[in-house]
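Work through the exercises below with the sequence and the model open side by side. Each task is followed by a solution that goes step by step.

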Amino acid sequence: MGSRIVILISGTGSGMTAVLEACERGDLAADVVGVLADRPCRGLEVASEHGVPAAVTRLADFSTRHEWNQALTKKVRAYAPDLVLLAGFMRVLAPEFVDAFPGRLLNVHPSLLPAFPGARAVRDALEAGVKVTGTTVHLVDHEVDHGPILFQEPVPTRPNDTEESLHERIKEAEHRLLVDACRALLGGDVVVNGRVASVMSGGER
Ligand code: GRF
């Protein structure tokens, strides 16, 4: 059995699918053991089609955001993950969730952070008229779209780009980057602030 990856999504789950297929091909020595979403979405169906347990934990089903965070933390923890990926998960998680998975919680964001954090990153980059944007994979800390940057890939903008066309090219880069990031982190090849970020030694299981 390889390393255990849990993925959180809110949409089509294209990044999730890239990781899932890399595991299935044997390009990544890991298994996606669970997929969780904050809303019903296409990505959950894709996960199920691949035989991966997939479930929704909706904020609206809890009386407070704190209870929702606790429930989600419990569900992710139950999978005993080596790595937790936020791959298009469109909700802000509480510090308690982040602290439950030290050194093994990754986010992928469609810009070259620290430029253009937030939910409208692709549109903001286009509106700013940048010639190059891209994608970032980073460890998650208590701020939104923030934390030690592990990998980035630039994506040039084109004069006729729409938000959709640019986002499509960014996603292609994201899918490569996500798989590379998982492989590097699980292999103990990532150095953050001079220390190896080894997910296998990160916190309790
Ligand atoms: C990605 O661009 C990711 O960076 C952003 O949401 C998008 C994921 O979309 N946070 P999808 O659900 O994988 O299609």
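**Exercise 1.** Sort the lining of the largest pocket by residue class.

Solution. Count Ala, Val, Leu, Ile, Met, Phe, Trp, Tyr, Cys and Pro as nonpolar, Asp, Glu, Lys and Arg as charged, and the others, Gly among them, as polar. The lining then has 14 nonpolar, 15 polar and eight charged residues. This is a predicted model, in which local features need pLDDT of at least 70 and side-chain atom pairs count only at pLDDT 80 or more, while totals for chains, interfaces and linings use all residues. Residues are numbered from 1 along each chain as its sequence is written, and side-chain values use heavy atoms, with hydrogens and water left out.

**Exercise 2.** Find which element gives the most to the lining of the largest pocket.

Solution. The elements that give two or more residues are α1 (14-25), β5 (105-109), α5 (121-128) and α6 (163-186). Of these, α6 gives the most, with five residues.

**Exercise 3.** Classify the aromatic pairs, taking ring centres within 6.5 Å (the six-membered ring for Trp) and calling planes under 30 degrees apart stacked, over 60 edge-to-face and the rest tilted.

Solution. A search of the whole structure finds two pairs. The rings of W68 and F89 have centres 6.4 Å apart and planes at 5°, so this pair is stacked. W68 lies in helix α3 (residues 65-78) and F89 in the loop between β4 (83-86) and α4 (95-100), 21 residues apart. For F97 and F101, the centres are 5.1 Å apart and the planes at 55°, so the pair is tilted.

Technical notes: Helices (H or I, at least four residues) and strands (E, at least two) are DSSP runs, numbered from the N terminus.
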